[in-house]
Amino acid sequence: MVEHTRTLDFKIAFAIGLGTMIAAGIFSLSGTAVYQIGSSAVVAFVLAAIVASITAAAYSEFASIYSENGGGYLFTSRTFEGNDLLKYAIGMSLFLGYTGTTAFYLATMDEWFFRFILPPWLQGLPHGTVGVLATLSLGALNARGTEESGMFQLLVTSAKVGVLFAFIGGAVAFAGPAEAAGTFAGGFQNEPGNIVSVAALAFITFFGFSAIAASAGEIIEPRKTVPRAIAASIVTVTILYAFVIVAMVNAPVAREVLAEGETAMGTVAASFLGPWGQLLIVLGAVFSMVSASNASILAASGIGSLMGRQGHAPRRFARIHREFRTPFWSVSTATATIAFLIVVFITLFSEEGVLGVHALGLGPLTGFATFNLLVPLAVVNATLIYSRRNFPDIERGFRMPLVPVLPALGILANLALVTNLPPVGVGLALATTVALIGAYLVWGGGPHVEDLYERVVAPGAAAPTGPAAPTEAAEPQPAAPEGERFRILVPVARPDRADSYVRVAAALARDHDAAPLVQVLNVTRIPDQTPNEVVRETAEERAARIEERLADADLDVEYTVEGHICRDVAFDILQTAREDGADRILMGYPEEHPDVVETVEYGAPCDVFFTSDADAIDDFSTVTVGAGGGPHHRALLPLVNRFGAEGSSVHVVSVSPSTGGTAEAVDETLAQLTAIESIEVHNVAAESVAEGLVSTVEETGGVLFIGATRDRRLRRWVFGSTPDRVIDLARAANVPVVIYASSRGVSGHFEDTAYPVVRYFRRHLGNRRPFDRFVRSPRETP
C-alpha cells in the first residue's frame, strides 16, 4: 500500500521542536523585548514558556493516544466524533496558524536579507521577494519527502544552536562573567502590562512543540518519543532564550539600536564579535528561520492531509504522491498560502510595501498567526478535560497532571494572551475565520474517506497454474523483488468476464515485469438510502464467483481478488489504486456508465488501459497501431515494440482523409519500433482516422492499439476523433481495441496543447510520402 513510512526518530523530532522554537522569535523579538522591558524580557519568555508547557502537556497526552499526523485537529476530531463544524474550525485555524507562523519566519528572514545580505543593486527588489522564493524552495523540499526534510531539519538546527552559543559566549567574554551577571541583574523593570504583552508576542516562539505532535505520523514510536521530544525542546529553548537576553542586555550599543526590532540582534553581534561575528549571527538567523519554516510546513501539510481524508477539505489534500509518498496537494496548498500571506502583509501593505500603504507588516502578521494558534490551543485544553471525563478507559501513555485544573489555567492563559496581540492582526484573523467557516457551511463538507467505500472481501492470492512460456524471439526478464512487483488493478463489473480481463492484464503488464501481480476488484454500488449491510452479501457472492472462475481458468499469472461496496464506483477504483500503489489500471469501456471511465481516466494516479471487449482478445499475435504522432502515441510504442519482439505481427496504418489533406507520416513510428524485424505498413483512405483504423483491423485481424490523452479537454484530438468514437466503430465491427491513456507532466501538457495545431498544419500543408496499401517497410527483411 502507498502510505507514510515512519522515518523520524527522537533526535529529529527534538530537532523539529527546537528548530521551530529557535526561529524568528528570538532573532526578531529579543531586541524589541529588551528595548521595552530590559532584563524582564526573561520573565516574559519564561511566562510564555509556562503557558506553552501547560498546553504542551495536553498535546503530549493526546499524542500518546493518537499516534498520527494532525496535532490539535486530530485530537478534537477523535474526541468529538459528531461535531464537524468544530473539527473543521480547529483544523482550519491551525492550518492558518502554521502557515501564518511560517510567513512570519520567512518575512523576518527577508528583512535580514535586505538589512545585511543583499548588495545595493538588489535593494530595489520588493520586500518579501526573498521570503516568497524561500517559501517555494521549502515547499518543493517537503513535497519530496519527510525523510529528506527531517535530516535537513536536524543539520540546520544543530548549526543554529552552535551560532547561539557563539553569540552568548561572545557577549559574556566581552563584558566579563561577573560584570555581565551584574548588568543583567540590575536591568529588571516592574512593568507587568508590558511583560504580558511581550509574552503574548513571544508565545509564537514556543509553538514548536505542536509541530512535533502534528508530525506524530512520521515519528518512530510516537507514544514514547513525542512527549520526550516536546519536554526536551521546551526546556532547552527556554534556557537558550534566557542566555540570549543576558547577552542582549550586556550589548555595548545605544538603546536606539535595540529599537531596530527584527534586525537588532545582527547589529548587537557586530558590537562585540566584529564583522565576522555579525556574519555568523546573520547566517544563524537565516538557518533558524529556514528550519523553523520547514518544520511548520511539515506540520501544516499533515493537518491539511488529515482534513482532506475526513472531508473537511478537498479530498485531493489527502492524496499521497506515488513517488515521494507525501501529501503533495496539501504541501502545495500550504506553500501557496504562505506565499500569499507574505505578499499581502509585507510586499503590498507594509511600511516598505509597493503600494505605499502602511497598514500591515510583521507586527500584524504575528498577531494573525498567533491568534490562529492560541484559540485552537485553548480548545485542545478543553478537549482534554472532556476526554478524561467521557473516555476514562482509553489507554494513555502519558497523563497530564492536575486535570482539570491545569487545562483550565491553560485555557485562561491562552485567551489572556490573545487580548495582548496586535489588534489589526487579530481583526484580520477573525475576518478570515468567519469567511472560511461561511464557505464551509455553503460547501457542506464531504464524507470521510472510510465512509465512501468498504473492503468487504479482503485480497486473497491464487497460485498460477504454471509459468508463462516465452516465445522464441523474447528474452526472459527477471522477476522484480516482492516489494517492487508491478501491480495492475483490474476493476471487473461482471464476474463471468474476470478471466478474460486477467489474461489481458497479464499480457500488458509483462512489458514491465516478468511476474506481475494482477489485482482483481469487484465494486458493488450501494444505492441511495440503503444501509451498507444490505449489499455486503452481494459483494461477497460476486467475489466468490470471481475466485471460482479464475481458479477454473488456465492462468499463468498471480492474482488477488477483493470485493468492495461503495456509493461512488469511480472513487473506489481511484482510492484503491492510490492506497495499493497500482502501476497500471485495466478496465472496460462500459456502455451504461461512461462517467466512471472519464473520472478514472482523468484522476488515476497511474496510466490506464481501456478495452472495448476483453473476451474478444484471444492473444496479441497480431497488433495494429496507427501512424499517429504526438506524445501519447509515442508513449504507446514501447508496448507495441515488445509485442513485436516476442513474435507478434505488427501493422502500422497511415490514414489519408478522403476529404483531402495529408496522410499521417509513419517515419517517426517506424523509427521507434526498433526491436521488430518485420512491420507491415498500410496506407488507407477513409472519412476519419477512426474509420481507417477499424476497417484495416477488420481485414488483418488482431487487436487495435491507440494512445490517448487523459486530459478531457483534448480528447477530441486523439487520432482526429475521440476514443469513444473508435470504441463505437470497433464494437459494431467486432474489432477488439486497447486504449492506452498515459499521464503527462507539466511539459507534457504544453505538448498536448500544441500538438493538435502541429498536426493540422502537417496534415493539410505538409508533404506526403506515398505508401501503397500493404507494402513492406524498407526495414523489413525479405
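Tutor: Helices (H or I, at least four residues) and strands (E, at least two) are DSSP runs, numbered from the N terminus. With those labels, Asn734 is placed in the loop between α26 (723–733) and β11 (737–742). Please note that this is a predicted model, in which local features need pLDDT of at least 70, side-chain atom pairs count only at pLDDT 80 or more, and totals for chains, interfaces and linings use all residues. Residues are numbered from 1 along each chain as its sequence is written, and side-chain values use heavy atoms, with hydrogens and water left out.

Student: What is phi of Asn734 near?

Tutor: Phi of Asn734 is near 55°, a positive value in a residue other than glycine.

Student: Is Asn734 buried or exposed?

Tutor: Asn734 counts as exposed, because its relative accessibility is 68%. Buried means under 20% relative accessible area, exposed over 50%, and partly exposed in between, with a 1.4 Å probe and protein chains only.

Student: And where is Leu402?

Tutor: Leu402 is in the loop between α15 and α16. Its phi is near 55°, a positive value in a residue other than glycine. Leu402 is exposed, with a relative accessible area of 60%.

Student: Which residues does the cis peptide bond join?

Tutor: The cis peptide bond joins Val403 and Pro404, with omega about 15°. Pro404 lies in the loop between α15 (362–390) and α16 (405–418).

Student: Now to helix packing. At what angle do α21 and α22 pack?

Tutor: Helix α21 (residues 569–580) packs against helix α22 (residues 594–603) at an angle of about 30°, and their axes are 9 Å apart. Therefore α21 is roughly parallel to α22. Axes are lines fitted to C-alpha atoms, for helices over the stretch in contact, and angles run from 0 to 180 degrees between N-to-C directions. Angles under 35 degrees count as roughly parallel, over 145 as roughly antiparallel, 65 to 115 as roughly perpendicular and the rest as oblique.

Student: Which residues make the contact?

Tutor: On α21 they are Val569, Ala570, Ile573, Leu574 and Arg578, and on α22 they are Val596, Thr599, Val600 and Gly603. Contact means heavy atoms within 4.5 Å.

Student: How do α6 and α13 compare in their crossing angle?

Tutor: The axes of helix α6 (residues 129–144) and helix α13 (residues 264–309) cross at roughly 50° and come within 10 Å. That makes α6 oblique to α13. The contact involves Leu138, Gly139, Leu141 and Asn142 of α6, together with Val290, Ser293, Asn294, Ile297 and Leu298 of α13.

Student: What about the interior? How many residues has the largest nonpolar core?

Tutor: The largest nonpolar core has 140 residues, and those with the most contacts inside it are Phe27, Phe167 and Phe209. Its largest share, 19 residues, comes from α13. A nonpolar core is a set of buried Ala, Val, Leu, Ile, Met, Phe, Trp, Tyr and Cys residues joined through side-chain atoms within 4.5 Å. Not counting residues up to four places away in sequence, Phe167 touches several residues, including Val244, Met248 and Phe272.
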